[in-house]
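Subject: Structure for your review

Dear colleague,

Please find below the structure that I am handing over to you. My findings follow it.

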Amino acid sequence: MSNFEDIIQMRKHYGLETPSVSKQIENKDQDWFNFRRLLALEEHEEFVHSYKHNDITEVFDALLDTVVIAMGTAAGLGLDWSKGWDEVMRSNMQKVRSEDPSKSKRKDSLDLIKPKGWVAPNLSPLIGQSRKPNFYQIAENLAKRKAVDYQHSVL
């Protein structure tokens, strides 16, 4: 199962809404937004605290929880994380490492910069699309779960 499919299953498990078509943000109430914002802030603070205290296990936990919260928020808005991820990565892979920190927006040689001709991610076509189930993936996941049940591989 993909990570985003895990999030969809988690939301179903807890009875949380997961629209199949993206919703407009104004349809979400302020309480929902504040809850998601506080979750993200809490994990960010956990990350900073753990990093400052050299606790790599808790740093890792905070990073993973941050992604779970981001994916859950996207799912709650009916956004297809997987397709959006692919488009953002396509665009990010066009960037280059900054050889001269002064050319970087953040003045850091670790920064990635947008070269001439760089094309920003185009997420607009993904808004409003429905998430269609990948039946091959569903069947493969079922076979894997059954293999565990019977303690042998069927793939």
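Is Met10 buried, partly exposed or exposed? Met10 is partly exposed, because its relative accessible area is 42% (buried means under 20%, exposed over 50%, and partly exposed in between, with a 1.4 Å probe and protein chains only).

Before the details, a note on the origin of the values. This is a predicted model, in which local features need pLDDT of at least 70 and side-chain atom pairs count only at pLDDT 80 or more, while totals for chains, interfaces and linings use all residues. Residues are numbered from 1 along each chain as its sequence is written, and side-chain values use heavy atoms, with hydrogens and water left out.

Overall architecture

The chain has five helices and two strands (DSSP runs, H or I of at least four residues for helices and E of at least two for strands, numbered from the N terminus). Along the sequence these elements follow the pattern α-α-α-α-β-β-α. Of the 155 residues, 23% count as buried.

Met10 is placed in helix H1, residues 3-13. Together with Tyr14, Leu16 and Val68, Met10 makes a nonpolar surface patch of about 390 Å². Patches consist of residues with over 30% relative accessible area and no salt bridge, like charges being joined within 9 Å and nonpolar side chains (Val, Leu, Ile, Met, Phe, Trp, Tyr) within 5 Å; the areas come from the Shrake-Rupley method with a 1.4 Å probe, and for residues only the protein chains shown count as cover. Val68 belongs to helix H3 and counts as partly exposed, because its relative accessibility is 33%. The C-alpha atoms of Val68 and Asn3 are 8.8 Å apart, although 65 residues separate the two in sequence.

Met10 also takes part in the second largest pocket. The lining of this pocket has 17 residues, and Met10, Arg11, Leu16, Arg36 and Leu39 lie nearest its centre. The elements giving two or more residues to the lining are H1, helix H2 (30-52) and helix H3 (56-76). H2 supplies the largest share, six residues. By class, the lining divides into nine nonpolar, one polar and seven charged residues (Ala, Val, Leu, Ile, Met, Phe, Trp, Tyr, Cys and Pro count as nonpolar, Asp, Glu, Lys and Arg as charged, and the others, Gly among them, as polar). The second largest pocket holds about 360 Å³ of space.

For the method: on a 1 Å grid over the protein atoms alone, a cavity is a set of points where a 1.4 Å probe fits but cannot get out, whereas a pocket is an open set with protein on both sides within 12 Å along at least five of seven lines, and lining residues have an atom within 4 Å of a point. Grid points are joined across faces, edges and corners, and a volume is the space filled by probe spheres set on the points.

Salt bridges

How many salt bridges are there? The count comes to two, where a salt bridge is a side-chain nitrogen of Lys or Arg within 4 Å of a carboxyl oxygen of Asp or Glu. One joins Arg90 to Glu87, with 2.8 Å between the closest N and O atoms. Both residues lie in helix H4 (residues 81-92), three residues apart, or about one turn of the helix. Arg90 is partly exposed at 32% relative accessibility, whereas Glu87 is buried at 17%.

The other salt bridge is formed by the side chains of Arg106 and Asp111, at 2.8 Å from N to O. Arg106 is exposed, with a relative accessible area of 53%, while Asp111 counts as buried at 11%.

Backbone and loops

Most residues other than glycine have a negative phi. Asn54, not a glycine, has a positive phi of about 55°. Asn54 is found in the loop between H2 and H3 and is exposed at 71% relative accessibility. Lys107 likewise has a positive phi, near 55°. Lys107 sits in the loop between strand S1 (96-97) and strand S2 (112-113), and is exposed with a relative accessible area of 55%.

Finally, Gln94 lies in the loop between H4 and S1 and is partly exposed at 30% relative accessibility. The C-alpha atoms of Gln94 and Ile113, 19 residues apart along the chain, are separated by 9.1 Å.

Yours sincerely
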